[in-house]
Amino acid sequence: MKNRREFLKNAATGALLLGSQGRFGLASVLGQHSKTDPSRLVVAGDPALHAKDGRPDEQRVLDLLDRAMTAYTGRDNAVEAWKRIIPRDKVIGLKVNTVGLKPIATHLVLVLAIAERLQQAGVRAGNILVWERTAEELEAGGFTINTNPAHIRCYGSDVSGFEDQVETWGVAKVQLSKILTRECALVLNLPVLKDHADAGVTFAMKNMYGVIKMVDLKSLHTNICNPGIADVNCIPAIREKVRLTIGDAISALYDGGPLFHPEHMWHPNALMVGADRVALDQAAWNMIERKRAEVGLPTLEAKGRAPRYIATAADARHQLGCNDLQRCGLVEA
Amino acid sequence: MNYSRRWMLAAVAIAIVALAAGSGCKKSKVNPFPASGAVAGWEKTGDTRVFAAKDLWQYIDGDAEQYISAGVISTSTSDYKYQGQLEAVVDVHTMGSPDGARKILETGTSDAKAVSLGDAGVAYEQSVIFRKGPYLVRIVAYESTPGTPQALMALAHGVEAKL
């Protein structure tokens with residue numbers, strides 16, 4: 001990328017080209033490239049990540065990403081690390097989270113850093129697709145819409161539409177975004193660490209509510225989204241295509257989420273990388289509880305919104321991952 | 001006698017309904033968003049968007065439920081910018097009654113500073129929340145600068161004056 005600061009700004013509105021890759025054609029590619037412990041979870045931090053102007057420093061974010069990815073893959077070189085886990089000739093989706101206003105959306109600077117490394121690893125710019133539920137949400141998060149396949153693309157499921165077919169798993173009855181089903185061969189999940197009024201915690205698994213249209217909104221939100229969130233993540237396309245999470249814990253909310261409440265924001269200055277979405281969410285919950293204790297707030301359990309969907313996701317029926325961080329390969333980088 | 005009393009009661013009831021309807025109509029015509037320049041330094045940078053209660057999740061997904069349970073009727077929102085740099089958003093929630101606005105304001109604001117705005121208000125470093133009648137107003141700045149609190153208060157007073 002010649003200028004990653006500008007890459008989304010030079011957007012041109014063009015026809016949306018929907019690909020027709022096989023649904024899970026990537027599985028074999030991932031199988032060849034990924035030899036990482038499936039529960040390995042890397043938490044990389046940089047206390048000096050924010051510059052004097054209060055914004056994350058571009059170079060330090062790139063360095064932090066490199067440190068996280070090399071630690072995750074066990075490679076010395078960041079570009080080699082990316083080559084190990086992504087296919088070069090397929091569309092890679094970057095599922096951001098922009099619910100709650102720009103200051104608490106997936107940081108654009110992080111998305112730019114990932115896009116830069118993907119291209120250096122051989123992914124064509126037009127094969128990188130930054131997406132969220134709607135264009136409006138993306139713009140509110142500071143992203144610029146671009147459907148021109150000559151550049152990195154950025155648009156919402158409101159542009160691509162949703163499959164007519166209703167997918168069912170447990171209480172989940174949903175229609176999947178065509179960005180997930182038809183465009184992307186692999187999705188990198190880029191959630192933001194936040195307290196959540198309905199779910200307790202929103203991070204890796206909750207971000208998948210942004211790839212679906214809910215046929216029954218209520219069933220996915222009752223009982224603190226349990227088992228709704230776990231069930232949604234068991235839908236095959238979500239389970240199989242969303243293979244890696246790079247969690248944005250640069251800024252986070254310990255209360256009042258998911259909307260931006262500046263009075264409840266703090267800066268963990270961290271990235272959390274892993275393929276195990278359950279381990280990631282468990283670690284996210286722990287971080288939020290630690291912060292709540294630090295500022296004297298009651299636990300989420302005491303507030304009646306402990307995120308029990310995490311344990312549900314780890315149970316024998318769902319088997320989405322490991323919620324026992326003692327057993328996960330937790331690495332601090 | 002009984003008939004005339006019934007007619008009188010009916011007339012009073014009709015008058016109350018008419019007044020209520022008139023008041024409701026007036027409410028829907030309120031434009032609480034100061035135009036660019038109406039408050040020194042503040043520019044209205046976006047169109048006003050309005051969400052009915054049933055669609056509120058589209059705007060504040062994950063937080064809509066508390067407003068719905070407090071009786072929100074609609075939410076209007078607009079973006080602002082102060083001196084071309086500081087971005088902020090103004091949300092005006094029209095509740096069914098002042099009690100609904102009070103309920104939201106009293107949630108999670110124990111560590112805030114009380115400010116003189118509307119019927120009651122609080123301020124943080126980057127946000128101001130106040131209620132006036134059935135309206136609950138929340139103004140949030142995207143960044144914290146030395147001038148943020150003062151600028152937010154000026155904008156809040158501008159909104160309050162239009163309610």
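Reader: How many helices and strands does the secondary structure of chain A come to?
Author: This is a predicted model, and what follows describes the chains as they are modelled there. Of the 333 residues of chain A, 53% count as buried. The secondary structure of this chain comes to 12 helices and 14 strands.

Reader: Among contacts in chain A between residues at least 6 apart in sequence, what share joins residues at least 24 apart?
Author: The contacts considered here are those in chain A whose two residues stand at least 6 apart in sequence. Of these, the share that joins residues at least 24 apart is 74%.

Reader: Which elements of chain A do the buried residues of α2(A) pack against?
Author: Helix α2 of chain A, residues 58–73, has 16 residues and reaches 23 Å from its first C-alpha to its last, close to the 22 Å expected at 1.5 Å a residue. Its buried residues include Val61(A), Leu64(A), Leu65(A) and Ala68(A), and just after the helix Gly74(A) takes a positive phi of about 80°. The elements of chain A against which the buried residues of α2(A) pack are β1 (41–45), α3 (78–85), α4 (108–120) and β13 (270–274).

Reader: Is Leu244(A) buried or exposed?
Author: Leu244(A) has its place in strand β11 of chain A, which runs over residues 242–253. Leaving aside residues up to four places away in sequence, Leu244(A) touches Ile85(A), Leu188(A), Asn189(A) and Ala275(A). A residue needs 20 or more other C-beta atoms within 10 Å of its own to be called buried, and because Leu244(A) has 20 C-beta neighbours inside 10 Å, it counts as buried.

Reader: What separates the C-alpha atoms of Leu244(A) and Gly126(A)?
Author: Along the chain, Leu244(A) and Gly126(A) are 118 residues apart.

Reader: Within what arc do the buried residues of α4(B) fall, seen down the axis of the helix?
Author: In helix α4 of chain B, residues 98–105, the buried residues are Gly100(B), Ala101(B), Ile104(B) and Leu105(B). They line one face of the helix, because, seen down its axis, they fall within an arc of 135°.

Reader: How many residues does the contact take from chain A and from chain B, and how do those of chain A divide?
Author: The contact between the chains takes 16 residues from chain A and 16 residues from chain B. On the side of chain A that touches chain B, the residues divide into eight nonpolar, four polar and four charged.

Technical notes
Residues numbered from 1 in each chain as written. Chains lettered and ligands numbered in written order. Predicted model: local features only at pLDDT ≥ 70, side-chain atom pairs only at ≥ 80, totals over all residues. Contact = placed C-beta atoms within 7 Å. Nonpolar A, V, L, I, M, F, W, Y, C, P; charged D, E, K, R; others polar. Helix = DSSP H or I, 4+ residues; strand = E, 2+ residues; numbered from the N terminus. Buried ≥ 20, exposed ≤ 12 C-beta atoms within 10 Å, placed from the backbone. Expected span 1.5 Å × (residues − 1). Arc of directions from axis to C-beta.
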